[in-house]
Amino acid sequence: MGEQLTGDYAESVAAQVEQAMDEAAAICFVVDVQSRVLPADEDVAARLRQAAQPVYLVANKADNDAMAAAAADFYAFGLGEPHVVSAQHGRGVGDLLDFLVEGLPTAALLQSAVDCNLAIVGRPNVGKSSLVNAILREERMIVSTTPGTTRDAVDTAVDFGDRRLVLVDTAGIRRRGRVERGTERASVNRAQAAVARADVVAIVLDGGRDVAAQDQHILGRALDAYKGVILVVNKADLLRGDAELQDRRRRQLRWRAHFVPWAPVVWTSALRGEHLDELLQTVLNVADVRRRRVPTSQLNALLIRATAAHPPATFRGRPIKFFYATQAAIEPPTFVFFVNYPEAVHFSYQRYLQRRIREEFGFLGAALRLHFRPRNDGHG
Ligand code: GDP
């Protein structure tokens, strides 16, 4: 393949490079010491210098010392020292493998405690792919792995301080709008699948554009799945110095996202690599909050106060009576209320109870699940 100079060659290599940069944990760029450097190789090298993952330059066909010396030409690629090998003679191959294995985390490492699975979703062009790339450039990327469900749903683990996050389906985020252009449904389904596997969903908005109904729909889907939710206003660089526009975005957010006053908002610039740490820290905080468990005694003390301050409406002339509440589950935090007429607890009263729980116990960024059940111990 390296002999040709045709556009096909350049295109096929460019596609390989894109795929590797989307999906690989590390990249080997193999060049031929016996042939001259092609312009297409220089293009590849330029592209790989932008890669988030480690890139190893492998100078192959160094069958003897003279040929090995020729590998020095490849320093010019700016990809570090060439690893000189002869695949045919086996020369240098073992060393290269040792080197690669050392740089690669083991599968076991990835499987060790993951603090949060994060799905990054949003309309096309809001900067999802730019955010992922910026995060992978700045934080320590551990490994990419294929979880086996969808063959091409590649997740990427990132270490942030002593915590570990997995970015769900990074391949999908980076590819959407390129390969999947025109197949809106496919990309929506793919985003849905990512949300389903996530603990926290970052809904990315374009700071340069008005918050739209479509953003609201995406948010709604994350809520329906009772995930942690954070709102990310990306391209915040476009708002800098424009207090009026910033204020406009804030008002739009309050309006469009009025049903999630508890969702944290982070203003990022993927372009400038700004506030990415804040983003990841906020994501981890939300993931932690989703694991919080409120002691039953505290919850019931709150229930007594809340119902006393604001008694529920009556049902067919009879009082609605709350007996008891308990947090039945975490991730999502799930609260069960035992009540004489469960189906009569009005939506607005459910919201009131949820608001009181939040005021008392926090749960910033976590969607809460409330169930209302009849008391079934025979005394109700
Ligand atoms: P995606 O479709 O959501 O993955 O969006 P992309 O990451 O492909 O970005 C869409 C466009 O927005 C590209 O032209 C990016 O360069 C640009 N973009 C992304 N992030 C930022 C940002 O923080 N600031 C600015 N000004 N532009 C950005």
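I am working on a predicted model, in which local features need pLDDT of at least 70, side-chain atom pairs count only at pLDDT 80 or more, and totals for chains, interfaces and linings use all residues. Residues are numbered from 1 along each chain as its sequence is written, and side-chain values use heavy atoms, with hydrogens and water left out.

Axes here are lines fitted to C-alpha atoms, for helices over the stretch in contact, and angles run from 0 to 180 degrees between N-to-C directions. Contact means heavy atoms within 4.5 Å. Helices (H or I, at least four residues) and strands (E, at least two) are DSSP runs, numbered from the N terminus.

I then looked up the sheet itself: 3 strands, open, in the order 13-14-15, with mixed pairing. Strand 13 (322-329) and strand 15 (369-373) are the edge strands, each pairing on one side only. From one strand to the next the twist averages 20°. Two strands pair if DSSP finds at least two bridges between them. Strand 13 and strand 14 (residues 334-339) run antiparallel and are joined by 6 bridges. I noted alanine 325, whose bridge partner in strand 14 is phenylalanine 337. Helix 13 (residues 347-361) lies across strand 13, strand 14 and strand 15, running at about 125° to strand 15.

**Entry 2, sheet 1-2-3.** This open sheet has 3 strands in the order 1-2-3, with parallel pairing. Strand 1 (27-32) and strand 3 (83-84) stand at the edges with a single partner strand each, so one side of each has no neighbour in the sheet. Strand 1 pairs with strand 2 (residues 55-60) in the parallel sense over 6 bridges. Helix 2 (residues 39-48) packs on the sheet and touches strand 1 and strand 2; the direction of helix 2 makes about 160° with that of strand 1. I also marked phenylalanine 29, which stands opposite leucine 57 in strand 2.

Is strand 4 largely enclosed or left open by the rest of the structure? I found 6 of its 7 residues buried, so strand 4 is largely enclosed. Buried means under 20% relative accessible area, exposed over 50%, partly exposed in between (1.4 Å probe, protein chains only). Strand 4 runs parallel to strand 7 (residues 163-167), with 3 bridges, and pairs with strand 8 in the parallel sense over 5 bridges. Leucine 118 has leucine 167 as its bridge partner in strand 7, and valine 121 has isoleucine 203 in strand 8.

The buried residues of helix 9 pack against strand 4 (116-122), helix 8 (184-197), strand 8 (200-206) and strand 9 (228-234). Among those buried residues I listed Asp215, Ile218 and Leu219. Tyrosine 226 follows helix 9 and has a positive phi, near 55°.

I looked up the 15 residues around the ligand (a heavy atom within 4 Å). Asn125, Lys128, Ser129, Ser130 and Asp237 come nearest. A polar backbone atom of asparagine 125 is 2.7 Å from an oxygen atom of the ligand. For glycine 127, a backbone N or O atom lies 3.0 Å from a ligand oxygen atom. In serine 269, a side-chain N or O atom is 3.4 Å from an oxygen atom of the ligand.

Definitions and conventions
Polar contact = N/O pair within 3.5 Å; in protein donor to acceptor, adjacent residues only side chain to side chain.
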